[in-house]
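Work through the exercises below with the sequence and the model open beside you, and try each task before reading its solution.

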Amino acid sequence: MSKAGFRKHPVWIVLVLVMLCESQTLASGLLETDEPIKLILNDWTSQIVLTKVVGHILEDMGYEVAYADVKVDEQWGAMVRGILHVQVEVWEGTMSQVFGRMVSGGGIVDLGSYSATTREEWWYPSYVEEQCPGLPDWRALKACADIFAVPETAPRGRYLAGPWEKPDAARIRALGLELTAIAAKDGNALWVELEKAIKEKRPIVLFNWTPNWVEAVYDGKFIEFPDYHPDCETKPEWGVNPEFAYDCGNPKNGWLKKAAWKGVESNWPCAFQMLKNMDLDNAHFARMAALVDVDRLSYDAAAEKWLSDNRNTWSNWPPESCKK
Ligand code: TMO
């Protein structure tokens, strides 16, 4: 249209057209930017399934999404720089320190806590209590560390750690345990080792958490370490060992949060609001994990099944004003 042609239309018509276009854009869910929202896939089951659930909901809202496999340690820098945008499971027991620093630094936004409460801690199947009397009190490990020995660690016992934890070696040293922490490469490697041990009734102590599928399938307990306190991790003089920090367990009623790059709110406001509204209790996280680790669905099939079984839970997360 030529300049002259444009002027033929009264200003009010042009304004109405512009307003119509804007409300069209909002109503169809296509917002300020049509860049894909990049969702972070970590390496434990509930997180992967929930990320795919969120991806489907965002696509339903009209967004384009992309997924990126990233380890917890690498996700923070990528989110601060806006390269990746959303991580749907930030757990207090393993991530609170670094998450706190990132939020105070302003690069990452806390999208709020789920109703679910969490615990991430050393765990054993119940038969280990016969082999190591005094459990679940951590002091029992002082007398029986050697029963957990594997060729790699003998004569010391093995603590099979996950790849997400805070310094295990520091806790082992501070509490004077004859154990060596060996990290599994991902969540699945923990369960392979657990199932082998259980078949042979072999002693094992490994990292586990709740909500998870394990509690519904195996009888077992978390080890009771001295109660968590933030000072335990920063002040050596705190706790049973005055020379070293980390002489305590992880929180027993930990939070579980969602996190986003600070630019998510301005780039994709409806997505930001949906993520803030999203809430789940313990049973839902356990269920998402069990769909894959017990029922053996693929991550994608698990996400689709959860969405169709739980429409009432998630249908009100997208804000009314953003619905098509
Ligand atoms: C972060 N995790 C739940 C695996 O401890």
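**Exercise 1.** Determine which helix gives the largest share of the lining of the largest pocket, and describe that lining.

*Solution.* The helix is α3, which contributes 4 residues, the largest share of this lining; helices here are DSSP runs (H or I, at least four residues) numbered from the N terminus. The model is a predicted one, in which local features need pLDDT of at least 70 and side-chain atom pairs count only at pLDDT 80 or more, whereas totals for chains, interfaces and linings use all residues. Residues are numbered from 1 along each chain as its sequence is written, and side-chain values use heavy atoms, with hydrogens and water left out. Next, sort the lining by class: 10 residues are nonpolar, 6 polar and 6 charged (Ala, Val, Leu, Ile, Met, Phe, Trp, Tyr, Cys and Pro count as nonpolar, Asp, Glu, Lys and Arg as charged, and the others, Gly among them, as polar).

**Exercise 2.** Describe how α4 and α5 pack, and name the residues through which they meet.

*Solution.* Begin with the axes (lines fitted to C-alpha atoms over the stretch in contact, with angles from 0 to 180 degrees between N-to-C directions): α4 (residues 72–80) and α5 (residues 92–105) have axes 11 Å apart at an angle of about 10°. That makes the two helices roughly parallel, a term for angles under 35 degrees. Then list the contacts (heavy atoms within 4.5 Å): Val72, Gln75, Trp76 and Val80 of α4 meet Met95, Val98, Phe99 and Met102 of α5. By class, this contact has 7 nonpolar residues, 1 polar residue and no charged ones.

Note on methods: Parallel < 35°, antiparallel > 145°, perpendicular 65-115°, else oblique.
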